[in-house]
Amino acid sequence: MPELDSSTLNPPLNPPLTVAITGASGALGQALLRQWHRRGAQLIALSSGDQPLVLADANGEPIPLRQVRWRSGAEAELAELLAEIDLLVLNHGINLHGQRSRGATELSLEVNALSSWRLLELFAEQKMFAEQSGGRPAQRRRPELWVNTSEAEIEPAFSPLYEISKRLLGQLLSLRALDLGKQLCIRRLVLGPFRSALNPVGLMDADFVAGQILWQASLGLKLILVSPNPLVYALMPLTLLGRWLYARLLTRADS
Ligand SMILES: NC(=O)c1ccc[n+]([C@@H]2O[C@H](COP(=O)([O-])OP(=O)(O)OC[C@H]3O[C@@H](n4cnc5c(N)ncnc54)[C@H](OP(=O)(O)O)[C@@H]3O)[C@@H](O)[C@H]2O)c1
């Protein structure tokens, strides 16, 4: 079952990979779309906003993409679309700095954790259904799911609700990947601070981060780390190993 590797990540892909990215109009969403365009992918921009997304390549040429609106809570409406997608990047997120109200808690959990969890279940369900009803054509690649959690999974982000919601997403991913990892190639993106609306003072540039993500994926890494903090490279694998052992010991596989 072919996965993305250095050859498939170099242009052009044949047949082209269909890549969908949530949080498409954000800094990293746009940077990832540009990177995938350079590799010949067909792009689907999943946006919660109503502004049309217009992207240009390095020569100023418009980047062809299909923009699809979605909203947290209505993930089921994307079921048919998800069936067409080879690679789904769950990248949307919010950071309600300094807030702790009931509404802010609900919104953070919903957007950062629960909507991504629902989308990952729905994507896996669609792929399992496609497999059972006729299978994937030989030339199609194994479906991939990339989940952008954040180094806030294990480090302070100076924003308690952001940390809580990103940790929940990370924990859910660790648990469900035990079963869903058999059908999907799941990659976890653990990123350090980069500049965006969510973090205007981030150290790194979103285009650099997106380039690193695709490069590490091309090496076959399932845990993709891009951070200026060396501790993350030691602590994150240990954390994931601990979670894996704990969940394997205390839970049973999907029947
Ligand atoms: N910046 C950092 O330092 C940093 C570090 C580690 C991880 N991350 C993670 O990287 C991802 C991308 O963040 P970014 O830094 O590129 O931030 P960003 O520029 O603010 O992009 C986030 C995007 O998420 C989408 N979004 C916002 N509210 C939403 C809602 N209520 N429902 C659904 N989607 C919503 C929006 O895109 P649409 O309008 O297209 O939906 C928004 O542009 C996030 O998951 C973030 O947690 C960021």
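Valine 147 stands opposite arginine 188 in strand 6, and strand 5 (residues 144-148) pairs with strand 6 in the parallel sense over five bridges. Two strands are said to pair if DSSP finds at least two bridges between them. The model is predicted: local features need pLDDT of at least 70, side-chain atom pairs count only at pLDDT 80 or more, and totals for chains, interfaces and linings use all residues. Residues are numbered from 1 along each chain as its sequence is written. Helices (H or I, at least four residues) and strands (E, at least two) are DSSP runs, numbered from the N terminus.

**Strand 6 and its neighbours**

- From strand 5 the chain crosses through helix 4 to strand 6, and this β-α-β crossover is right-handed. A crossover is called right-handed if, with the strands pointing away from the viewer, the path from the first strand over the helix to the second runs clockwise.
- Strand 6 is mostly covered, five of its seven residues being buried. A residue is buried if 20 or more other C-beta atoms lie within 10 Å of its own, exposed if 12 or fewer, and partly exposed in between, with C-beta atoms placed from the backbone.
- Strand 6 also pairs with strand 7 (residues 223-226), in the parallel sense and over four bridges; leucine 189 stands opposite isoleucine 224 in strand 7.
- The β-α-β unit made by strand 6, helix 5 (residues 206-218) and strand 7 is left-handed.
- In a regular strand the side chains alternate between the two faces of the sheet.

**Strand 1 and its neighbours**

- Strand 1 (residues 18-22) is mostly covered, with four of its five residues buried.
- Five bridges pair strand 1 with strand 2 (residues 42-47) in the parallel sense, and isoleucine 44 in strand 2 is the bridge partner of alanine 20.
- Strand 1, helix 1 and strand 2 form a right-handed β-α-β unit.
- Strand 1 also runs parallel to strand 4 (residues 87-90), to which three bridges join it; here alanine 20 stands opposite leucine 88.

**Overall architecture**

- The chain has six helices and seven strands, and from the N terminus on its elements run β-α-β-β-α-β-α-β-α-β-α-β-α.
- The radius of gyration of the chain is 17 Å, close to the 18 Å that the globule rule gives for 255 residues, so the chain is as compact as a globular protein of that length. This radius is taken over C-alpha atoms, and the globule rule is 2.2 Å times the number of residues to the power 0.38.
- Along the principal axes, the C-alpha atoms fill a box of roughly 50 × 45 × 35 Å.
- Of the 255 residues of the chain, 36% count as buried.
- Among contacts between residues at least 6 apart in sequence, 69% join residues at least 24 apart; two residues are in contact if their C-beta atoms, placed from the backbone, lie within 7 Å.

**Surroundings of the ligand**

- Of the 26 residues around the ligand, Gly23, Gly26, Ser47, Gly93 and Ser196 come nearest. A residue is near a molecule or strand if its C-beta atom, placed from the backbone, lies within 6 Å of it.
- Helix 1 (residues 27-38) supplies the largest share of this shell, three residues.
- The shell has ten nonpolar, 16 polar and no charged residues. Ala, Val, Leu, Ile, Met, Phe, Trp, Tyr, Cys and Pro count as nonpolar, Asp, Glu, Lys and Arg as charged, and the others, Gly among them, as polar.

**The loop between strand 5 and helix 4**

- Serine 150 lies in this loop and has a phi near 130°, a positive value in a residue other than glycine.
- Serine 150 is buried, with 26 other C-beta atoms within 10 Å.
- Phenylalanine 158 lies in the loop between strand 5 and helix 4 and has a positive phi of about 55° although it is not a glycine.
- Phenylalanine 158 is exposed, with 11 other C-beta atoms within 10 Å.

**Two partly exposed positions**

- Glycine 181 is in the loop between helix 4 (160-180) and strand 6 (185-191). Glycine 181 is partly exposed, with 14 other C-beta atoms within 10 Å.
- Glycine 181 and leucine 88 are 93 residues apart in sequence and, C-alpha to C-alpha, 14 Å apart in space.
- Glutamate 121 lies in helix 3 (residues 102-132) and is partly exposed, with 14 other C-beta atoms within 10 Å.
- Glutamate 121 and asparagine 229 are 108 residues apart in sequence and 32 Å apart in space, C-alpha to C-alpha.
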